[in-house]
Amino acid sequence: MAEAESLETAAEHERILREIESTDTACIGPTLRSVYDGEEHGRFMEKLETRIRNHDREIEKMCNFHYQGFVDSITELLKVRGEAQKLKNQVTDTNRKLQHEGKELVIAMEELKQCRLQQRNISATVDKLMLCLPVLEMYSKLRDQMKTKRHYPALKTLEHLEHTYLPQVSHYRFCKVMVDNIPKLREEIKDVSMSDLKDFLESIRKHSDKIGETAMKQAQQQRNLDNIVLQPPRIGSKRKAKKDAYTIFDTEIESTSPKSEQDSGILDVEDEEDEEEVPGTQDLVDFSPVYRCLHIYSVLGARETFENYYRKQRRKQARLVLQPPSNMHETLDGYRKYFNQIVGFFVVEDHILHTTQGLVNRAYIDELWEMALSKTIAALRTHSSYCSDPNLVLDLKNLIVLFADTLQVYGFPVNQLFDMLLEIRDQYSETLLKKWAGIFRNILDSDNYSPIPVTSEEMYKKVVGQFPFQDVELEKQPFPKKFPFSEFVPKVYSQIKEFIYACLKFSEDLHLSTTEVDDMIRKSTNLLLTRTLSNSLQNVIKRKNIGLTELVQIIINTTHLEKSCKYLEEFITNITNVLPETVHTSKLYGTTTFKDARHAAEEEIYTNLNQKIDQFLQLADYDWMTGDLGNKASDYLVDLIAFLRSTFAVFTHLPVSDSCFTLSIILSLVKNFCLFL
């Protein structure tokens with residue numbers, strides 16, 4: 001067993017020695033480490049010493065074998081030594097000559113070195129200048145933009161200069177000067193842009209009426225177009241949208257041109273004829289000052305300050321716009337200018353709302369509109385109460401409707417304006433009643449209270465066309481012939497129809513149902529009949545100098561007017577399309593009015609006849625005590641018969657329906673004479 005281990009150890013040592021002999025010295029460490037890791041390193045050292053001695057003997061044998069060659073080599077080497085010394089001397093001499101000959105070259109090389117150094121310096125200088133040149137160009141561009149008042153581009157240039165160019169050359173002194181001037185330039189841009197905004201706001205305030213006038217003209221044109229498309233119009237139809245969308249202003253947000261007249265906010269536009277195309281609002285307003293100032297303040301981090309200032313100034317302008325002139329009620333132009341200013345104000349605000357992000361918001365617009373709506377309604381209530389001309393009230397109504405339609409296009413609620421128009425409608429009715437009171441008074445004062453004579457078929461048809469009268473017997477009579485009524489009957493009837501038309505005009509575009517329109521017309525017509533016309537007739541009947549013939553003619557006229565009330569009912573039904581059988585339809589009280597007038601005339605006849613009889617008997621100088629009863633009738637009987645004949649001749653013109661009244665008059669006269677006798 002020990003023998004086997006010894007053989008194995010010897011084989012391992014042999015392998016290690018072979019590996020040491022064949023391995024590079026740098027890699028022998030792991031091999032030696034494997035020897036020292038074992039326990040037989042002593043025996044390995046012995047074998048290593050033995051191997052070294054073997055190699056030394058082999059080297060000695062080899063040297064002895066080549067000794068003569070070594071001696072010969074030494075001899076040759078000594079000979080070469082002398083030659084080497086000669087070669088050294090030649091090299092030294094050659095070097096000295098070379099140094100002498102290359103002296104000028106060295107000087108030239110020094111000069112070249114200096115040129116190369118200067119070239120590098122110049123190149124470095126050029127590079128630095130090329131680096132600084134864009135900074136200087138940007139600064140020059142900035143100053144030019146400031147001079148030409150292109151402030152928003154100047155601010156962008158300033159931002160590029162500060163964040164892109166100056167950091168590259170920040171170690172230069174002139175850059176420090178520029179950096180110190182940047183805050184001052186920002187403040188200068190900020191102040192100048194605010195000045196432009198103030199000019200814009202002032203121009204907008206002065207030209208709001210022009211802007212509003214343009215917007216209202218556009219709304220009027222669109223409404224006219226809608227009316228053409230929707231012909232025939234229906235009274236109760238819902239309002240159609242006047243525009244699909246509000247007009248977008250085509251304005252450059254970033255303007256790079258110098259400040260001009262456009263920067264003030266208003267462009268000069270000559271007045272155009274109504275038939276010509278109305279210029280768009282975008283043709284009147286340049287909003288670039290607002291956009292520039294907004295962007296400038298946003299870039300400078302002062303957007304909130306700008307928004308607060310803009311809103312504050314516009315609120316002040318709104319209060320000024322909403323103050324009506326003291327004489328606004330005198331002419332329609334006063335109202336029109338007032339409405340134009342309000343519309344112009346809100347058209348501008350609506351455009352700002354839709355073209356800027358957050359400068360104004362919907363809550364701010366709604367707040368301004370609520371204030372404007374309340375003040376406008378209050379002003380209209382006050383000033384419209386001074387209007388006594390129905391034509392002016394009607395024109396005002398149409399203007400208010402156009403005003404409401406225009407603002408509704410831009411999304412503003414206008415229901416309160418239409419509610420206020422219903423209040424103005426009552427005032428309009430009162431002014432109409434006052435106007436028609438004068439018309440009726442003129443008709444009654446100018447009437448001759450005698451039947452209308454006609455001498456031709458044309459004249460006959462003209463009267464029948466003005467007043468619905470049918471009489472077969474009268475039609476059969478030859479010309480000339482007479483209508484039973486006087487001229488004020490067709491005139492009054494025509495004026496009643498004109499009054500109805502006037503009431504209908506006011507109801508247009510108020511978005512009322514046909515039932516509401518019909519009810520309004522009937523109520524107003526009833527007031528016309530029961531109050532205005534009735535008072536006019538009563539005043540005529542109560543005149544002191546009115547004669548019996550006139551009173552009888554009034555009875556005849558009112559009888560025919562009473563019969564015509566059914567035609568007035570049909571007339572109203574035709575224009576409103578509301579049948580009389582409708583539950584909420586009011587009835588006309590014309591029959592009562594004409595009956596009351598006729599009864600008043602009858603009472604007046606009765607009173608006047610009694611007064612005439614008393615006067616007749618009191619003023620006559622009769623001999624009541626005569627005893628001669630000859631064949632000749634007494635004078636008072638002759639006069640009495642003549643008086644009665646002339647009186648009853650007047651009553652023959654009364655229609656058959658008034659025969660009871662005639663009989664009562666006769667009985668009354670007989671009774672009075674019997675009492676006298």
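Guide: Start with a cut-off: a residue counts as exposed when its relative accessible area is over 50%, and as buried when that value is under 20%. The model here is predicted. Leu 77 has 54% relative accessibility, so Leu 77 counts as exposed.

Visitor: Where does Leu 77 lie, and which residues form the nonpolar patch on the surface?

Guide: Leu 77 lies in helix α4, residues 67-101. The nonpolar patch consists of Tyr 67, Phe 70, Ile 74, Leu 77, Leu 78 and Val 80, and together they have about 640 Å² of accessible area.

Visitor: Which residues form the positive surface patch?

Guide: Lys 312, Lys 316, Arg 319 and Lys 375 form that patch. Helix α10, residues 303-321, supplies the largest share, three residues. Lys 316 is in helix α10 and is partly exposed, at 42% relative accessible area.

Visitor: How many aromatic pairs does a search of the whole structure find?

Guide: The search finds 21 aromatic pairs. Planes under 30 degrees apart count as stacked and planes over 60 as edge-to-face, with the rest tilted. Phe 287 and Tyr 291 have ring planes at 35° and centres 6.4 Å apart, so this pair is tilted. Both residues are buried. Tyr 460 and Phe 483 make a stacked pair, with 15° between the planes and 5.0 Å centre to centre.

Visitor: Which parts of the chain does the pair of Tyr 460 and Phe 483 link?

Guide: The pair links distant parts, 23 residues apart: Tyr 460 is in helix α15, and Phe 483 is in the loop between β2 and α17. Tyr 460 is buried at 7% relative accessible area, and Phe 483 is buried at 1%. Both belong to one aromatic cluster, whose members include Phe 467, Phe 469 and Tyr 493.

Key:
Residues are numbered from 1 along each chain as its sequence is written. This is a predicted model: local features need pLDDT of at least 70, side-chain atom pairs count only at pLDDT 80 or more; totals for chains, interfaces and linings use all residues. Side-chain values use heavy atoms; hydrogens and water are left out. Patches are made of residues with over 30% relative accessible area and no salt bridge: like charges are joined within 9 Å, nonpolar side chains (Val, Leu, Ile, Met, Phe, Trp, Tyr) within 5 Å. Accessible areas come from the Shrake-Rupley method with a 1.4 Å probe; for residues, only the protein chains shown count as cover. A salt bridge is a side-chain nitrogen of Lys or Arg within 4 Å of a carboxyl oxygen of Asp or Glu. Lys and Arg count as positive and Asp and Glu as negative; His and the chain ends are not counted. The place of a charge is taken as NZ of Lys, CZ of Arg, CG of Asp or CD of Glu. Helices (H or I, at least four residues) and strands (E, at least two) are DSSP runs, numbered from the N terminus. Buried means under 20% relative accessible area, exposed over 50%, partly exposed in between (1.4 Å probe, protein chains only). Rings of Phe, Tyr and Trp (its six-membered ring) pair if their centres lie within 6.5 Å; planes under 30 degrees apart count as stacked, over 60 as edge-to-face and the rest as tilted.
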